[in-house]
Amino acid sequence: MAETVKGSSTAAFSHHEISDSEFQHLRELIYREAGINLTSQKKFLAQTRLGKLMRRKQISGFDELFSRIREDSSGLALEMVIDAISTNHTFFFREDAHFSLMNEELIPELLNQSKPRKKSIKIWSAGCSSGEEPFTAIITFLEAQKQKKIPPDTHLEVIGTDISNEILEKAKSGLYPLETIENLDYKLKKNYFQRGKGRFEKFVRLKPHVLEHVTFKRHNLLFPLTEHGAFDLIFCRNVMIYFDQQTKQKVVDNLTNSMHKDSYLIIGHSESLNNISHKLITHRPTIFKVKQGV
Ligand SMILES: C[S@@+](CC[C@H](N)C(=O)[O-])C[C@H]1O[C@@H](n2cnc3c(N)ncnc32)[C@H](O)[C@@H]1O
């Protein structure tokens with residue numbers, strides 16, 4: 001599936017060319033505020049995306065954009081820039097082996113760890129983008145319940161967080177273009193999505209019995225998430241690829257602070273925790289568990 005490029009028409013924005021010093025300023029700002037490591041290969045991409053933003057907001061150039069950020073105590077101008085810079089590529093059932101394992105092994109194990117049996121599972125999708133990851137977790141959990149792999153009285157609660165407000169608005173709507181689910185099994189489409197009508201004819205929306213399991217909120221992974229207690233499972237997939245070692249360390253510390261002794265952390269297939277210090281052991285490649293006795 002193609003990545004949604006924010007601002008792909010470059011010719012229209014050529015007057016917003018970013019100078020080396022402006023790019024350096026932008027890099028420092030984005031690194032400090034979001035931990036995102038904008039390498040020099042991203043200069044053109046940043047110019048294109050911010051060019052589009054500046055045109056939309058009638059901002060004359062990078063000088064004005066930066067002074068708006070400095071003068072705006074609400075933080076909204078900065079959020080707008082982070083929204084434009086962050087890469088939100090995601091899709092339903094991405095790296096789907098994680099979801100099979102979650103329902104067939106990890107959740108049953110978590111439920112049976114205590115006596116009487118645990119009755120609820122709490123999942124954090126950290127860097128959830130437009131919501132496909134938390135919704136896939138919910139859909140596959142409900143399917144596993146139907147197939148009696150998970151007891152019917154197990155309650156599921158999912159929190160999806162992201163730094164980008166704009167993308168979270170999409171997630172909250174639960175509304176997706178029809179083509180985003182075209183490869184899904186017919187039964188999944190029928191049971192979990194409803195087709196839009198009228199001007200939403202080319203869209204689908206998650207059904208209420210899926211939406212009711214999830215809450216979306218803005219959260220910056222450079223900070224700990226303190227108000228939700230510990231999670232049984234944390235997905236933080238394809239987020240740390242944008243961070244350098246120092247930021248990754250901070251993010252992993254924050255994620256592990258939200259884990260209890262039996263929790264799992266799941267990262268993307270192309271990611272690793274190499275050279276990061278943590279209290280985890282590898283359960284399976286890309287799946288980590290708290291080292292017992294720590
Ligand atoms: C490529 S998407 C990954 C979505 C999903 N986890 C997946 O694997 O398909 C990366 C997401 O991380 C978010 N992100 C980047 N920096 C972040 C930060 N400091 N705190 C929280 N989210 C961040 C971006 O806004 C983006 O939506």
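This is a predicted model: local features need pLDDT of at least 70, side-chain atom pairs count only at pLDDT 80 or more; totals for chains, interfaces and linings use all residues.

Q: Which residues of α2 and α4 meet?
A: From α2 come A46, R49, L50 and L53, and from α4 come M80, V81, A84 and I85. By class this contact has 7 nonpolar residues, no polar ones and 1 charged.

Q: How do the axes of helix α1 and α4 cross?
A: Helix α1 (residues 20-34) and α4 have axes that come within 11 Å and cross at roughly 95°. That angle makes α1 roughly perpendicular to α4. I30, E33 and A34 of α1 make the contact with L78, I82 and I85 of α4. The contact of α1 with α4 has 5 nonpolar, no polar and 1 charged residues.

Q: How is the protein chain divided into domains?
A: The division gives domain 1 (11-85) and domain 2 (97-290). Their C-alpha centres lie 30 Å apart. Across the boundary, 7 residues of domain 1 are in contact with 12 residues of domain 2. On the side of domain 1 that touches domain 2, helix α4 (residues 76-85) gives the most, with 3 residues. By class, that side of domain 1 has 3 nonpolar, 2 polar and 2 charged residues.

Q: How do the axes of helix α5 and helix α6 cross?
A: The axes of helix α5 (residues 97-112) and helix α6 (residues 132-146) come within 10 Å, and the crossing angle is roughly 40°. By the ranges given above, α5 and α6 are therefore oblique to each other. The crossing of α5 past α6 is right-handed. F99, M102 and N103 of α5 meet T136, A137, T140, F141 and A144 of α6. The residues of this contact divide into 5 nonpolar, 3 polar and no charged.

Q: Turning to sheets, what is the strand order in the open sheet of 7 strands?
A: The order is β6-β2-β1-β7-β8-β10-β9, and the pairing is mixed. At the edges stand β6 (214-218) and β9 (280-284); each has a single partner strand, so one side of each is left without a neighbour in the sheet. Neighbouring strands of this sheet are turned against each other by 25° on average, direction ignored.

Q: In which sense, parallel or antiparallel, do β1 and β2 pair?
A: Strand β1 (residues 120-126) and strand β2 (residues 155-162) pair in the parallel sense, over 7 bridges. Within this pair, K122 stands opposite E157 in β2.

Q: Which strands does helix α7 lie across?
A: Helix α7 (residues 165-173) lies across β2 and β6, and runs at about 165° to β6.

Q: At the other end of the order, in which sense, parallel or antiparallel, do β9 and β10 pair?
A: β9 and strand β10 (residues 287-290) pair in the antiparallel sense over 4 bridges.

Q: What is the strand order in the open sheet of 3 strands?
A: This sheet has the order β3-β5-β4, with antiparallel pairing. Its edge strands are β3 (175-177) and β4 (193-195), each pairing on one side only. From one strand to the next, the twist averages 35°.

Q: Over how many bridges do β3 and β5 pair?
A: β3 and strand β5 (residues 203-206) pair over 3 bridges, in the antiparallel sense. The bridge partner of P177 in β5 is F203.

Methods. Residues are numbered from 1 along each chain as its sequence is written. Two strands pair if DSSP finds at least two bridges between them. Helices (H or I, at least four residues) and strands (E, at least two) are DSSP runs, numbered from the N terminus. Axes are lines fitted to C-alpha atoms, for helices over the stretch in contact, and angles run from 0 to 180 degrees between N-to-C directions. Two residues are in contact if their C-beta atoms, placed from the backbone, lie within 7 Å. Angles under 35 degrees count as roughly parallel, over 145 as roughly antiparallel, 65 to 115 as roughly perpendicular and the rest as oblique. A crossing is left-handed if the near helix is turned anticlockwise from the far one by less than a right angle, and right-handed if clockwise. Ala, Val, Leu, Ile, Met, Phe, Trp, Tyr, Cys and Pro count as nonpolar, Asp, Glu, Lys and Arg as charged, and the others, Gly among them, as polar. Domain bounds come from an automatic or database domain assignment.
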